[in-house]
Amino acid sequence: MKPLKLAIQKSGRLSDDSLALLRACGIRFNNGMGKLRTEALNFPLELFFLRDDDIPEYVTDGIADLGIVGENVLYEKAQPLPIAAKLGFGKCRLSLAVPKNSGYRQLSDLNGQRIATSYPRLLRSYLDKQSLRADIHEISGSVEIAPSIGLADAICDLVSSGSTLFTNGLREVETVLQSEAVLVQAQSLSAEKMALLNRLLFRIQAVQKAQQNKYILLNAPNDKLDKIVSLLPGIKSPTLLPLAIEGWSSLHSVIEENQFWEVIEQLKAAGAEGILVLPIEKMIF
Ligand code: ATP
Ligand code: ZN
């Protein structure tokens, strides 16, 4: 069977998370670091280690079937590739920033200004949509120092915490794009490769679901159970087990990470005790 060829970033912000995702999907590799490619030991998958900027092109050209890349890189390139899954890591935003002491108040203040960026296409299309005219200066790195050396009045660059902007005396003023890592696929894959991709996607979804949920166990007096059960929808419905003490039960269920604290507070208020919360490794429906 021909393996699926997946291109991931060789070394950078997406590398560790890309490999960790594959490992969480149960896919094992010999230590491939330092190599250009490596084959998985227990899944028909071959990994290519590349610069992130080259990944969309490799997938478009059919050298790789799949790639993991930031949306920022994908949309900046001309090639439109189908997104098979959003991966939830590598989150950042492409933002406009101006010197802290600039008189910037609104987007139209950028009219006629010079903006330095490594993302000229994304910036151009954003400015066009807002009917703004600005000079875009494309530079390939260290965009954040452009204003202080007099090269530009503003910048458009990737931000996650904002600390790099702060250190360089810049203030973030507008978001051009929200970005995260995505799995892209070639336009046409053989039926055999599509079947492999679907197996991989099934595993990715199980891992993502698990990361978004927690397993919860708690004890409650039987007369409070109705209320508590209504707070815990679970997958089908919660599991209910009698405790050794008369009149008490143990309840097991699953709750979503993003409503976690609210549910816990409500459970406590409703009479739940001894609440345990555990991570889930995989969730399959
Ligand atoms: P390469 O050598 O592969 O070209 P790079 O220097 O272009 O690497 P990295 O800095 O490793 O790229 O970033 C890879 C991706 O990580 C970015 O394209 C973006 O999608 C994502 N990312 C997340 N947070 C940030 C951030 N704060 N700054 C830059 N990129 C970020
Ligand atoms: Zn890059």
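I started with Asp53, which turned out to be partly exposed, at a relative accessible area of 27%. A reminder to myself: this is a predicted model.

Next I looked up Asp52, and that residue is buried, with a relative accessible area of 19%. The cut-off for buried is under 20%, so Asp52 qualifies at its 19%.

**Zinc ion**

Which residues supply the protein donors of the zinc ion (ligand 2)? I found Asp52 and Asp53, each giving OD, at 1.9 to 2.1 Å from the ion. I then checked the geometry: the zinc ion (ligand 2) has four donor atoms, and the angles among them run from 74 to 173°. I noted the site as irregular.

**Ligand 1**

I turned to ligand 1 and found 15 residues around it. Those that come nearest are Gln9, Arg51, Asp53, Asn72 and Ser160, so my opening residue shows up here again, because Asp53 is the partly exposed one at 27%.

An N or O atom in the Asn72 side chain lies 2.6 Å from an oxygen atom of ligand 1. For Arg13 it is a backbone N or O atom, placed 2.8 Å from an oxygen atom of the ligand. The side chain of Asp52 also has an N or O atom 2.9 Å from an oxygen atom of ligand 1.

How much of ligand 1 does the protein bury? I read 77% of the 620 Å² that ligand 1 exposes when taken alone. Last entry: I looked for where ligand 1 sits, and it is in the largest pocket.

Notes. Residues numbered from 1 in each chain as written. Chains lettered and ligands numbered in written order. Predicted model: local features only at pLDDT ≥ 70, side-chain atom pairs only at ≥ 80, totals over all residues. Heavy atoms only, no water. Donors = N, O, S within 2.8 Å, 3.2 Å for Na, K, Ca; no water. Tetrahedral: all angles 85-135°; square planar, octahedral: opposite > 155°, others 65-115°. Buried < 20%, exposed > 50% of the residue type's maximum accessible area, 1.4 Å probe, protein only. Near = heavy atom within 4 Å. Polar contact = N/O pair within 3.5 Å; in protein donor to acceptor, adjacent residues only side chain to side chain. Areas by Shrake-Rupley, 256 points an atom, 1.4 Å probe, with all protein chains shown as cover. 1 Å grid on protein atoms, 1.4 Å probe; cavity = no way out; pocket = protein on both sides within 12 Å on 5 of 7 lines; lining within 4 Å. Sits in = over half its atoms within 2 Å of the grid points.
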